[in-house]
Amino acid sequence: MKKINWLTVLFVFVGIFVSSSAFATVPVFQSATATSTTTIDIVYDIPIDFATTSGDFITGFSATGVDKTGATASIAGNTVTVNLTVPLNTDFTSSGLVIGAGTIKDFSAADTNAGVSGQTISDGIAPAFVSATATSLTNIDIVFSEDISSINAFGDFTSGDFTA
C-alpha cells in the first residue's frame with residue numbers, strides 16, 4: 001500500500017486554489033487626467049495589463065475632442081498612459097471618455113474591464129505662458145494659454161517681484 005503525503009496534497013490544493021481566478025478582481029475605472037498636451041493618464045483601482053494588445057486598447061478608446069491618430073498606449077502599475085501625436089489644448093477637458101469593454105485585465109488573472117462610457121477627462125495641464133506686453137511704464141499684460149482668472153495664483157505683485 002502506497003503512503004499519501006497529506007502535506008504535499010494540501011500544498012498542491014492550496015496552490016491550485018490561490019492561482020485560480022477565484023481571487024481575480026475586475027479592474028474598475030477610477031479617473032482620467034490630461035497630464036500634458038500629448039498625454040492622458042487613465043487610472044484603475046488595481047494593477048492592470050492589456051487584455052490583448054495596446055493597439056486593441058487604442059481601438060476601443062475615444063473621447064470628445066481627442067484625435068487618436070497615431071496614438072499609443074502603455075501601462076505602469078494601475079495606470080494606462082495614452083500618448084497622442086495630435087496635441088490637446090492646455091485647457092482640455094472631455095466628458096465623453098469611452099474605453100472598450102474587455103481591453104484591460106487584472107494583472108494577475110484574466111478578468112477584464114466592463115468598459116467605460118461618458119466619463120470625464122480632467123484638465124491636469126498647467127497654463128502655459130504665451131506673451132507679455134508692456135502697456136505702460138508700470139504695467140505689463142501677461143497672456144496664458146488658458147483662463148487663469150478663477151484662481152488666485154499670483155496675488156498682488158510689485159516691481160520688486162520681477163527681474164528684467
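Two strands count as paired if DSSP finds at least two bridges between them. Strands here are DSSP runs of E, at least two residues long, and helices are runs of H or I, at least four; both are numbered from the N terminus.

**Entry 1: ground rules.** I am working on a predicted model, where local features need pLDDT of at least 70, side-chain atom pairs count only at pLDDT 80 or more, and totals for chains, interfaces and linings use all residues. Residues are numbered from 1 along each chain as its sequence is written, and side-chain values use heavy atoms, with hydrogens and water left out.

**Entry 2: the strand pair.** I looked up Ala73 and found it opposite Val82 in β6. β5 and β6 (residues 79-83) run antiparallel and are joined by five bridges. I then traced the open sheet of seven strands, which has mixed pairing and the order β4-β7-β9-β1-β2-β6-β5. Its edge strands, β4 (61-62) and β5 (72-76), each pair on one side only.

**Entry 3: the whole chain.** I listed two helices and eleven strands. From the N terminus they run α-β-β-β-α-β-β-β-β-β-β-β-β. Of the 164 residues, 26% are buried. Buried means under 20% relative accessible area, exposed over 50%, and partly exposed in between (1.4 Å probe, protein chains only). I took a contact as heavy atoms within 4.5 Å. Among contacts between residues at least 6 apart in sequence, 56% join residues at least 24 apart.

**Entry 4: the core.** Which residues have the most contacts inside the largest nonpolar core? They are Ile40, Ile42, Phe57, Val80 and Val82, in a core of 27 residues. Such a core is a set of buried Ala, Val, Leu, Ile, Met, Phe, Trp, Tyr and Cys residues joined through side-chain atoms within 4.5 Å. β1 (29-36), β2 (39-44), β3 (48-50), α2 (54-60), β6, β7 (94-99) and β9 (116-123) each supply at least two of its residues. I checked Ile40 too: leaving out residues up to four places away in sequence, its contacts include Phe61, Val80, Val82 and Ile121.

Entry 5: Is Phe129 buried or exposed? Phe129 counts as exposed because its relative accessible area is 54%. I placed Phe129 in strand β10 (residues 129-134). Phe144 lies in strand β11 (residues 140-144). At 24% relative accessibility, Phe144 is therefore partly exposed. The C-alpha atoms of Phe144 and Ala126 are separated by 9.8 Å, with the two residues 18 apart along the chain.
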